[in-house]
Amino acid sequence: MSKQINVALIGNPNTGKTSVFNALTGLNQKVGNYPGITVEKKEGICKLPRGVKAHIIDLPGTYSLNASSLDENVVIELLLNKNDKDFPDVAVVVSDVENLKRNLLLFTQIKDLEIPTILVINMADRMEYKGISLDIPYLEEQLNTKIALVSTRRKQGINELKQLITNFKEVSQEPCLNASQVDKDYFEGLRKAFPNQLLYKLWLVITQDVNFGKIDRNEVEALDDFKTKSKADLKRLQQKETIKRYQFINNVLKVGQTIDSSKAKDLRTKLDRILTHKVWGYLIFFMILLVIFQAIYDWSSVPMDFIDSTFASLSEWSKNKLPAGVFTNLLTEGIIPGLGGIVIFIPQIAFLFLFISVLEESGYMSRVVFLMDRIMRRFGLSGKSVVPLISGTACAIPAVMATRNIESWKERLITILVTPFTTCSARLPVYLIIISLVIPEGRFLGLGYQALTLMLLYLIGFGAAVVSAYILNKVLKIRSKSFFVVEMPNYKLPLFKNVGLTVLEKTKSFVFGAGKIILAISIILWFLASYGPGDNFNKAEEIITNEYASQQLSEEELQQHIASFKLEHSFIGITGRAIEPVIRPLGYDWKIGIAIVSSFAAREVFVGTLATIYSVGNDDEATIKNRMAAEVNPILGGPLFNFASGISLLLFYAFAMQCMSTLAIVKRETNSWKWPLLQLVFMSSLAYIVALIAYQFLK
Amino acid sequence: MRHTLAHLKRGEKATITDVSSIHIPLKLLEMGCLPGNTVELVQLAPFQDPMYLNINGSHLAIRKETAKHILIEKVDE
Amino acid sequence: MNNVIQNILVFSALAIAIVFLVKKFLWKKSKSKKACGNDDCGCH
């Protein structure tokens, strides 16, 4: 701890705070969660001159210290808790040169906490373009701080910033204005009651009704006596405080900043005229979505095929090279296919996050929110629900987390509840293999039946989300203050470094987060399929050899019979046949049943499970698809995967809440088991009923 | 007649006169929606809602139901 | 001998997998903190 300086990066959204963070830390960064909540915690190490190191935290973007979301709350909790191990020695407030006035509001609030504060004025490369000039010495004097003029795009000013951080002890801790003037008597009373406390800190604790987990409870309760003012009065005071801060900022900037608007060139107006246009706006949005889907399915198929075949040959190779035995079997039938099932998703996930981060970085996402708000509101959603619904096509987990900036609790809850209906990438392997089995290859109007089916499944997913949102909106009786404020940031060319790091980070967290679960499940499944209780399993060879003694079977056929008899009497087989009556009306056998149950952990496990079940004890290296096609329905005869059971399975997966991790995230985001359980029961029964109707109708 | 922000037409400018209604979130004030500031309606989404505003150089979008509570005085060009 | 080692490896892999899943999905329940509840925790 000796020489490490704790630095907190704070700033409004869209100020390029993350670019500054990336410029300071490079690849020396890690992303985790704050304990107990799912707010992303980004931290990194920055090497400063003279061997000093800085530990940098990139705090969630916020417009002020008056928190209105969990993410913003993290900022206050850290800044108010001197005992936190991450409590900053120095705060670095990142501002955007074009929105200096608004950005300075947060700056003055942080100054009031008497933490040494450095001001970064970012995007300095746009000053000339916008006709802005700044009197830095004057601003430094008035704001009582040190200023670094930075352009992460041109890589300017970063060394100066590092220098300022190194010498943070020289930065003033004095506030730059006295906000308590808005109600002298009230604040004077506060000061007398708590002489050892910082006035602004007390004021923040009084006015925030959000939960302050880490702040000393006793202190807060003592403060309750001071809530003598009504909520409306407190709010009025907050308004006055905000106005006062802006007055101060306006006075400073009147001298310190000159804007020659005649020199300003405005790309924004021109782009907005097209991108938020009544017709063109929607058309362009639709085109962009098309490109994204095209990329995810077409472009990623090449690397996916490559990964698939690599893992198949790896499995084959280790089977031949390693000494025969149970562990080798576990490796070749459980672990390697399990790992393959994780790695194969990397191309799609990387593409999806590439597009999402480009759309967000460029400022386009806010325009979509603006365009869609009115339409989404009809269904009880918000314009901001578009982002979760789009990212839900990758994975519901980040999508549910992306609902956090929806201000209205009701709109946010509905978005959380319906997001798992959108077709996430985990459904894709299930869809693809079943479609290739049961949908013929013909074409209709130049479009393949198989591609059309896939598209239809996506539409069904979106349709289910929107319709359930509409119903929930009517049914849920939640009164919630609804308001909606979106910043429309300037258009920016996304920085390659930012986009690259986001893609890297998200892919990594998928591989190491979801990946571990999938791997663990495939090990357990393999075990359950390879071991069993009682004589039926352990003496399978004898039983089968005796049973077929009269028939002239080849050695190979005999082995096949033994393997399938063993599987049927393994742990997994016993469980599967126990649940068979429930799924029989849907057209499934016990093997599919096992795959459905195990895929409750994550949908993509379905294919992996069938692969494991069919490959246990099987020696030929036929693909999963061929093995599935060869399965015979034990009661009706004919192929098990026919049109009726295939459609029934597709529909089941379109609606079912088959994802433990999503339920866990919903529980955390709503802090109640009520909503995830409701989701589970509603979605699963809907899936069962629809699949039942489809099978009974089609068979 | 009292003018509110909801009455503004596309391209029109006005001065904000009062934001004291409790229906206006603090966040909006913090983003620069304060008395005395100039507001311009940049764009309206279809169905006239939400409204894309430029308040003293700060660009943001709000819904009409919030705009109804912000009092303004139109600026004659 | 080979068989014994392979069996040991299989069972330890299984144990690791089970412990991991239990920790991941069941352990966390106990320490659920009281954060924002059923309402919007009075935000806004």
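Which residues does A:Phe606 touch, not counting residues up to four places away in sequence? They are A:Val430, A:Ala595, A:Ile596 and A:Ser599, where contact requires C-beta atoms, placed from the backbone, within 7 Å. The model is predicted: local features need pLDDT of at least 70, side-chain atom pairs count only at pLDDT 80 or more, and totals for chains, interfaces and linings use all residues. Residues are numbered from 1 along each chain as its sequence is written, while chains are lettered from A and ligands numbered from 1 in the order in which they are written.

A:Phe606 lies in helix α28 (residues 605–615) of chain A. Helices (H or I, at least four residues) and strands (E, at least two) are DSSP runs, numbered from the N terminus. A:Phe606 is buried because 27 other C-beta atoms lie within 10 Å; the cut-off for buried is 20 or more. Its C-alpha atom is separated by 6.1 Å from that of A:Ile596, ten residues apart along the chain.

Helix α19 (residues 409–418) of chain A is mostly covered, with ten of its ten residues buried. Its cover includes α17, α18, α21, α31 and α32 of chain A.

An open sheet of six strands draws on both chains, in the order β12(A)-β4(B)-β3(B)-β2(B)-β1(B)-β5(B). The pairing is antiparallel; strands pair if DSSP finds at least two bridges between them. At the edges are β12 (485–487) of chain A and β5 (71–74) of chain B, each pairing on one side only. Three bridges join β12(A) to β4 (residues 58–62) of chain B. There, A:Val485 has B:Ile62 as its bridge partner.

Key:
Buried ≥ 20, exposed ≤ 12 C-beta atoms within 10 Å, placed from the backbone. Contact = placed C-beta atoms within 7 Å.
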